[in-house]
Amino acid sequence: MIITQLRSEHFEAVVKLANQVHGENYLDMQGIKKMVEAGTKFEINACFVALDEKNQLIGFRTSYAAKQWSIDKWCTPKAWPVLPSQMAYFKCIAVAPEAQGQGIGPKLLHASVVALRQQGALAGVSHLWKQSPGGGAVKYFTKAGGKLVKTHNDRWLENCINDGYKCTICGSECHCQAAEMVLLF
């Protein structure tokens, strides 16, 4: 397996995997392009892919550089251990179902943390899908050192209403919870 920076030649496969793992209309080509732009600072890209021995995409992680993402109503900056200007954002991760359980998620997270540190961030925040199969999202982030800040109800419901997102569990009316978690670098 190879971990390398997410580039435009990976976009199509990333969109396909994201929609397979997270649900229909979760991501599109414009969205992935914006994610990589938000993750690049000082010419350092904090978004990564995992490729198998046949150079096929088996996972990806997108992360946003500090000061290059919007703090919204789903964020609790007063509870963060660093200033908002020092906080990166872990946007999305997906690992192909057949490749899960092989340590790909932690390797992608580590690659992003290294890049985000080089960009000047001191920590990263994420909204993890509490209803992910087996609670895997929260478990993996907790194992990496992530700390729970707050649980948010109906985090992705607006995406269903406004963007046509279809949750793999709830369908077109997602009531899943997001665990807002912080990882200090």
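Residues are numbered from 1 along each chain as its sequence is written, and side-chain values use heavy atoms, with hydrogens and water left out. Because the model is predicted, local features need pLDDT of at least 70 and side-chain atom pairs count only at pLDDT 80 or more, while totals for chains, interfaces and linings use all residues.

**The sheet**

Begin with the strands; helices (H or I, at least four residues) and strands (E, at least two) are DSSP runs numbered from the N terminus. Two strands count as paired if DSSP finds at least two bridges between them.

Select strand 9 together with strand 11 (residues 178-184): the two run antiparallel and are joined by 5 bridges. Lys147 has Val182 in strand 11 as its bridge partner.

Axes here are lines fitted to C-alpha atoms, for helices over the stretch in contact, and angles run from 0 to 180 degrees between N-to-C directions. Contact means heavy atoms within 4.5 Å.

**Strand 8**

Buried means under 20% relative accessible area, exposed over 50%, and partly exposed in between (1.4 Å probe, protein chains only). Strand 7 pairs with strand 8 in the parallel sense over 4 bridges, and Phe90 stands opposite Ser126.

**Helix 1 and helix 2**

The axes of helix 1 (residues 11-22) and helix 2 (residues 29-38) come within 9 Å and cross at roughly 110°. The two helices are therefore roughly perpendicular to each other; angles under 35 degrees count as roughly parallel, over 145 as roughly antiparallel, 65 to 115 as roughly perpendicular and the rest as oblique.

Show the side chains at this contact: Phe11, Glu12, Val14 and Val15 of helix 1 meet Met29, Ile32, Lys33 and Val36 of helix 2. By class, the contact has 6 nonpolar, no polar and 2 charged residues. Ala, Val, Leu, Ile, Met, Phe, Trp, Tyr, Cys and Pro count as nonpolar, Asp, Glu, Lys and Arg as charged, and the others, Gly among them, as polar.

**Helix 3**

Within helix 3 (residues 104-119), select Ser112. Ser112 is buried, at a relative accessible area of 0%. Apart from neighbours within four places in sequence, Ser112 contacts Ala46, Phe48, Arg61, Ser63 and Phe90.

Gly105 is also in helix 3 and is buried, with a relative accessible area of 10%. Not counting residues up to four places away in sequence, Gly105 touches Ile93, Val95 and Tyr140. Thr76 lies 29 residues from Gly105 in sequence and 25 Å from it in space, C-alpha to C-alpha.

**Cysteines**

A search of the whole structure finds 0 disulfides, a disulfide being a pair of cysteine sulfur atoms within 2.5 Å. Select Cys47: its sulfur is 9.9 Å from the closest cysteine sulfur, in Cys92, too far for a bond. Cys47 counts as buried at 0% relative accessibility. Cys160 is in no disulfide, with the nearest cysteine sulfur, that of Cys174, 5.1 Å away. Cys160 is buried, at a relative accessible area of 8%.

**Two loop residues**

Finish in the loops. Asn25, between strand 2 (23-24) and helix 2, has a phi near 65°, a positive value in a residue other than glycine. Asn25 is partly exposed, with a relative accessible area of 40%.

Asp154 lies in the loop between strand 9 and helix 5 (157-163). Asp154 has a positive phi of about 55°, although it is not a glycine, and is partly exposed at a relative accessible area of 28%.
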